[in-house]
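Q: I have a structure open and want a quick walk through it. Can we start with the overall fold and then go to the details?

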Amino acid sequence: MDWYIFVYPVILLAIVLVFVMYAIYFERKVIGWIQLRKGPTETGPKGLFQSAADVFKLLIKEDIIPSKADRPLFKLAPILAYVPAFSVLAVIPFTDAPYLKFSNVAVGLMYYLALSSITVMGVLLGGWASNNKYSLLGGMRAGAQMISYEIPLVLSVVGVVMSAGSLNLTEIVETQIAGAWNVFPQFLGFVVFIIAAIAELNRTPFDLPEAESELVAGYHTEYTGFRFAFFMLAEYTYVFAMASLITILFFGGWDAPFGLTFIPPLVWFILKFCCFVFLLFWLRATFPRLRGDQLMEFAWKGLLPLAIINIFVSALLKEVPFLSQYF
Amino acid sequence: MNIDGELIAFFVFSLLAIGGAVFMINLTRVMHMALALAFALLSLAGIYILLEAPFLAVMHIMIYTGAVSVIMIFGIMLTKHKVDAHELEPPRFGFNLLSLLGTGLLFAIIMWVIYQFPFVTTGVESPAFKVQDLGAELFKQYMIPFEIASILLLAALIGAIVLARREENE
C-alpha cells in the first residue's frame, strides 16, 4: 500500500472545493454576460473572491435547527447527500497515468450510478426532517425527478457499455481511443444521457425541486449555515462528477483529437470537462423551467423509449460488417 | 487465525449490518426504521465486495439502497411526524417468551442447514471470474431462466399499474 492512496483523495477534495467555488463564480459571470449584466465585481479583482466570501459567510452563520424538526435526521441529511457525491469520484480516471486515477474497479460505471442514487435519500430525508410543507414538497419533487431520470440515464449508457464490452471506465476510454468517440456512433444515447444528466443534477430547465416561485427554496428551505453549504456543495460536486463522466463516456476522456498529442492528456480532459460545465451555465441562462407533469411525461414517454431504441440500434449495427468497428 | 485487513473489514461490515437490523427493530419512528434498514443493506454490499463480487455489491446498492429504500421512504414521507408513546401497548404476558422460542427455533434450523450443507472448505482456487463471464453465463447458459424471470417481473409491473389505474378511476 502506497502513501499516496491516503494523500491524493485529500488533494482531490481540495481541487473539488476550489472547482465548486470558481464554478459558482463563473456561473454568475457567464449568466451575467448572457443577460447583459456584469455579475460579481466588488470582492477582490473582478469579483474573484466573491464565492470565497459567500462560503465564509455561510460557515460563520448561526446553526439553526427548527424546534419541530427531527433533529438526528436533520443533521444526517446533508452528510447523506454529500458523501456519495464525493465517493463517486473514486472511480473516475482523469488520465491513464496511474497516479491520476484512484480505483480501477471492473464495474466503475455501475458504481457511479449506484452510489449517486443514495443522494436521493439525503434530499428526501432533508425535506422530511425539516417538518415544513415547502421542504416536504421540494423533497418529494426532487426524489420523484431523480428516480425517474435515473432510468433513462442508466439505459442510455448501455450502448456505450456494449461497444466497449466493459463497465470499466478506463477500458471505455481505451476503446474510444482505438475507434471513434462515442458521441458520434452513440449520438442518440448521448442526447438522452445529457438530458437525463441535467435532470439528475437538478439544474435548469429541470430545477423544479428548487423552483423558488412555488416552493420558497425546495428541500433545503429550513437549512442555513454550513448544512445548507453542504447541500450546495453536493450539487456542484455532482456537476464535477457528471462533467467528468460525460467526458469519459462520450468524448474519449483524455484522448487528443486531430493528433494534437503534444498537448498533455490531462489538459484535453480539462478542456472537454469545461465545455460541459459551460453548457450547463448556458442552458441555465437561456431556458425556462419545465412544468411538473411535463417533466414526468418527458422522462417516461420520451427519453425511456429513445434509450431503448438506442440499445436496439447499437446491438443491430454491431453485427453490420463495416460499421461494427465503431459500435 | 491471522488478523488481516479483510477480517477487520468483515467484522466492521457485519457489525454495521447487524447494528442496522437491531436499530431497525428498536427504533419507534417509521422513518428512522427505514433509514436503519437502508444502512443494514448498504453494509451487506460491503461484505459482497469482500467476497470479490463487486458487480453484485454495486447492483445491491443500486436496487436495495437506491431503489427499494428510497421508495419506502417516499411512501413513509406523507405519514404522521410524531409517534405518541402511549399508542404502543405493552406486550402481553408470555409474548416475549414465545417470540424468543420462535426465533431461537428458526436460528437453530438455519444453523443446522448451514452445517449440513457440503461447502467446499478446501483451498480450491477458483479461476478469476470477471463481469464479462457473468454476462456470458447469464445470456448463454441461463438464457431461458433469465427470460422467464424478466417476463414474471414485467407481468408484476403491468399488474401494479393496472391495479393503481383502477383505483384512480373510482
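Q: What pattern do the elements of chain A follow from the N terminus on?
A: The elements of chain A run α-α-α-α-α-α-α-α-α-α-α-α-α from the N terminus. That is 13 helices and 0 strands. Keep in mind that this is a predicted model.

Q: How does the radius of gyration of chain A sit against the globule rule?
A: The radius of gyration of chain A is 20 Å, and the globule rule gives 20 Å for 327 residues. The two values are close, so chain A is as compact as a globular protein of that length.

Q: What box do the C-alpha atoms of chain A fill?
A: Roughly 65 × 50 × 45 Å, taken along the principal axes.

Q: How much of chain A counts as buried?
A: Of its 327 residues, 45% do.

Q: And contacts in chain A, how many join residues at least 24 apart?
A: Take the contacts between residues at least 6 apart in sequence: 78% of those join residues at least 24 apart.

Q: Let's pick a residue. Where is A:Val158?
A: A:Val158 belongs to helix α7 of chain A, which covers residues 158-164.

Q: Why is A:Val158 called partly exposed?
A: Because it has 17 other C-beta atoms within 10 Å.

Q: How far is A:Val158 from A:Ile308?
A: Their C-alpha atoms are separated by 9.1 Å. Along the chain they are 150 residues apart.

Q: Now A:Glu319. Where does it sit?
A: A:Glu319 is in the segment after α13 of chain A, and that helix spans 292-317.

Q: Is A:Glu319 buried or exposed, and why?
A: A:Glu319 counts as exposed because it has 9 C-beta neighbours inside 10 Å. The cut-off for exposed is 12 or fewer.

Q: What separates A:Glu319 from A:Gly47?
A: In space, 55 Å from C-alpha to C-alpha. In sequence, 272 residues.

Q: Switching to chain B. What is its secondary structure?
A: Chain B has 6 helices and 0 strands. Along the sequence the pattern reads α-α-α-α-α-α.

Q: What share of chain B is buried?
A: Of the 170 residues of chain B, 12% count as buried. For contacts between residues at least 6 apart in sequence, 52% in chain B join residues at least 24 apart.

Q: Which domains is chain B divided into?
A: Domain 1 covers 1-82 and domain 2 covers 129-170. The C-alpha centres of these two domains of chain B lie 24 Å apart.

Q: Last topic, confidence. What does the model score?
A: The ipTM is 0.78 and the pTM is 0.84.

Q: And the mean pLDDT of chain B?
A: It is 81, and 83% of the residues of chain B reach 70 or more.

Q: Which elements of chain B have the lowest and highest mean pLDDT?
A: Helix α5 of chain B, residues 131-141, has the lowest at 81. Helix α4 of chain B, residues 95-116, has the highest at 90.

Definitions and conventions:
Residues numbered from 1 in each chain as written. Chains lettered and ligands numbered in written order. Predicted model: local features only at pLDDT ≥ 70, side-chain atom pairs only at ≥ 80, totals over all residues. Domains from an automatic or database assignment. Helix = DSSP H or I, 4+ residues; strand = E, 2+ residues; numbered from the N terminus. Buried ≥ 20, exposed ≤ 12 C-beta atoms within 10 Å, placed from the backbone. pLDDT = per-residue confidence, 0-100. Rg over C-alpha atoms; globule rule 2.2 N^0.38 Å. Contact = placed C-beta atoms within 7 Å.
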